[in-house]
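Biologist: I am new to this structure. Please take a close look at the contact between the chains, then lead me on from there.

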Amino acid sequence: MASHLIPRVLQSIAVVFVVVSLVFVGSRLIGDPIEAYSARNATQEAIDAARDRLGLLDPMIVQYGNFLWGVLRLDFGDSIFSEQPAWDEVSSRLWATVQLSLAAFVLILAVGVPIGVLAALRRGSVPDLIARLIALVGQAMPNFWLGLLLIFIFAVQLGWLPTSGRGGFENLIMPAITLAGFGAAAAMRLTRSGMLEVLSNDYIRTARAKGLADRTVILRHAMRNALLGLITVLGIMLAQLLAGSIIVEVVFAWPGVGRLIFRSITLRDFPVIQVGVLVIAVWFVAINILVDISYNFLDPRIRVGGET
Amino acid sequence: MLRASARAGVGAAGLALVGCGGDDDDDQPQAVAQADQQQDQQQQAMQQQQAMQQQEQQQAMQQQDEQAEQQAMQQEQQEQSAAEAQAQQQEQQAVADDNIDYSATAIGAYGAFPQILDQGSALARGGQSASNNYHYAAVFPLDPFGSAVPGGLAEWEFVGAESLIVTMNEGRTFHDGSPVTAEDVKFTIDRLTGKAEYNPEYNSAWTGELSWTGDNELVDENTLRIEQAAPSVDAANSLALGGFPMFPKAYIEEVGDDGYGQFPVATGSFKFVEWSADEYIKSVRNDDYYNGRDYGYAPRLPYLAGYEARLIPEIGARVSALEAGEVDLANSIPPDLAVPLGESGDYNVFYHPAQRGLHIKLPMTIEEDPYNPGQPNPWRDRRVRIAANLAVDVDAITENIMTGRENYTYTLSSGQFGFPEDLPEQRWGYDPDEARRLLAEAGYADGVETDLIYLAGLYTNDQLFMEAIAEMLREVGFIVNLIPEDISKFLGEARNKELTAPYLFPQSAGFTSIGSMAISVDSAATYEHRVEVLSDERAEVDRLLAAAKTEFDTDKRQQLLSDLVRIHYLEASWIFLFELVQTHVAASRLHWDPYFLQPPSVELWNLKSMKT
């Protein structure tokens, strides 16, 4: 396993390096942060001085070299706008987004997978129709709309939950449901189709013919195989939840990293954009490695050393 | 010239003395006579010099007397108007005071927060400063018209047009209890103008407003003399602007810029308690605030005991938080959401002018038509500019797209100092037929092709009203390509004078009267189009503005500005639109009667929570 993991990790580091380098170049192509940074009536001299102070007058290659040296030391410089270390800006909001993403992921697993299994087992029944309808609505409804709808019903009309902010557990419920909406619907449909495919296989018929209990057939034989296809998608979903929480964070005033990155892109706050993208890239890569490892446990045929 | 002649006289006497050096003894009487003559000449020259010096001193004293007299008159006028306003307010206040809950707190929701809480930094200015500026109070208070009056932290006195003397009032303290001294005022100005020794590279938002300041020196521990590098009639006003920050020198030197941006100590009517970036800013009433509730000017001791600003970026969520009772005040709510809430009777809707006179700047200083190289720029033809004004039905836009409370704008603001009262009689109305006729007469019967640029999403319903304006212009023959632009790109292009097309410009009129006019109408202004040639009228506008900048006589300055505004309007220099109105919605217990004619945001010190 180690012989597989080490090259995989090295490959992942290369991926992160390429992504961050692309972000470095891309963020400098989208515009000049100093126009937004300076006072409206600032003189040209003041603007030039600010560019000089932030190293933006250096040749691009020098800026890139300084940037890479900073990355190696985990020193990304200060945010152009808050004047706080860019790493602190991102890390102080990271836990809020991770918390939201994990809560949404738990909901996807807890709702999407069981209902998908149930719909597959009761194919064509009323529960199956309802599940498919919910899945369709869940995937078709934009999450900002779902968020506003939930706020209207559960906060304004019923008064059960707070509309926004990050206080206690009750603040987490609606943002997590909103963020999980699309993913749960997708997981439901994928689980259903995966289960239907597995259930039609010969080995399931054989298992049933052997007289195994339905529960055993479904849990040990069908679900385990159906989940193999799902797990890759779930891994991507978990990674996307972190990067895709911006809208939910805006609607629910959730003080997370998504909103910070969005604002930083608007303001061309290069240091924060770079840290944010680095964090997301590392997150994606880490999830992918975890998915690879999980294959090893779920399917003995897949040997991470290359054996089948 | 007199001084130069005197120097010439002394020089001539000196040359004569040198000339006698090599003479023989026989020539002695002649030499003595010459020496006597030279002495007489010297005395005459000295007498001339003394007379000239006396004359200069008398002139200077006379000038100072005149200025002092003018300032006294100005002050008297301000005091009179403020006293009237105060009497009126006291009358209103007496009725309502019994029902005010002085222990109540409130929570207000905002769409944007500053990145740091240092109000002096360019990073804390703009729309987001509404959630922070109540921690700060300027050196001088303001009357309802937004003009500075002596008092508050300090008194002022002009010494000619050369310097401003600031004398501190006793017993004024920062939020941490330390006294506000003349040294703090000096430090504040130095910090904001990049002269503070601890950090000359400070990213100040106030360099433009303080561009008049030269050297400043402490006369004694209570007195500061600020030299005027360029004589400015707005010198005192610039130290009184809303949100102008007074900095505690010792505290900032201790915690540094970063520390100050996270925990500001200032002199405002609310004291900062704590914040979480992107979440909330908590404050309490500054019970030691030096201007009591019966003070004649603003700001004053607040009614609310505490205030929490919450960041809720999404407008719908902000309204929902208000409806759910989580917040008491939802700031910056579009009229289509605010009006129904107000009509329900459960909420109070606060309207106030946003200090922004919207207008479309026309590229009339550029000679060539950017669409037809070699052809004259159509916008240089007054008939085309008038046609554009006649084409836009501003009243229909304000009635149907905005709140219906917006005033038509003839300049930056109709409440502005120097606004000619007869101008509304000469307003360009809505007359599309006349617009078509004028275009045809100007030789553009086939239309005028143009881009029309605006900053997308910056102001309420901007996309809607810009679409409407573009369509109205198209109706009379303009071929309009509407371009929504990102703020950073727009500001860069405007600053570099790369824009050649008409563009929407929302200049704040809350800046000092001359300052905001300078930004908006001066051909050399930062955000003006590229300047190639000036019409006679534009040159006259520039001349009047330059004269007004240094005219200390109130009446004369008013006349200059009045002439300027009239020429500028009647030349149809812009497409004149309307003054934006801000809309906020509050719980029914919160009441607000604006003190300022044009408040920049809800005046928190003036917000009352009534007993229920």
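Modeller: The contact takes 38 residues from chain B and 34 residues from chain A; contact means heavy atoms within 4.5 Å. This is a predicted model, where local features need pLDDT of at least 70, side-chain atom pairs count only at pLDDT 80 or more, and totals for chains, interfaces and linings use all residues. Residues are numbered from 1 along each chain as its sequence is written, chains are lettered from A and ligands numbered from 1 in the order in which they are written, and side-chain values use heavy atoms, leaving out hydrogens and water.

Between them, chain B and chain A bury about 3100 Å², with 46% of it on carbon and sulfur atoms. Buried area is the accessible area (1.4 Å probe) that two parts lose on being put together, summed over both. B:Gln115, B:Asp278 and B:Arg495 supply 21% of the area that chain B buries against chain A, more than any other three residues.

A:Arg263 forms a salt bridge with B:Asp278, and their closest N and O atoms are 3.0 Å apart. A salt bridge is a side-chain nitrogen of Lys or Arg within 4 Å of a carboxyl oxygen of Asp or Glu. Side chains of opposite charge can pair when their charged atoms come close. Chain B and chain A share two salt bridges. Over all chains, the structure holds 29.

Helix H12 of chain A spans 257-267. The loop between helix H11 (246-251) and H12 holds A:Ala253. Phi of A:Ala253 is near 50°, a positive value in a residue other than glycine. Chain A has 13 helices and zero strands. Helices (H or I, at least four residues) and strands (E, at least two) are DSSP runs, numbered from the N terminus. The C-alpha atoms of chain A fill a box of roughly 85 × 60 × 30 Å along the principal axes.

Take helix H5 (residues 86-121) of chain A.

Axes are lines fitted to C-alpha atoms, for helices over the stretch in contact, and angles run from 0 to 180 degrees between N-to-C directions. Ala, Val, Leu, Ile, Met, Phe, Trp, Tyr, Cys and Pro count as nonpolar, Asp, Glu, Lys and Arg as charged, and the others, Gly among them, as polar.

A further partner of H5(A) is helix H8 (residues 169-199) of chain A; the axes come within 6 Å and cross at roughly 35°. H5(A) passes H8(A) in a right-handed crossing. That contact has 23 nonpolar, six polar and one charged residues.

Back in chain B, one more detail. A cis peptide bond joins B:Ala298 and B:Pro299, with omega about 0°. B:Pro299 sits in the loop between strand E7 (280-285) and strand E8 (306-311) of chain B.

Methods
A crossing is left-handed if the near helix is turned anticlockwise from the far one by less than a right angle, and right-handed if clockwise.
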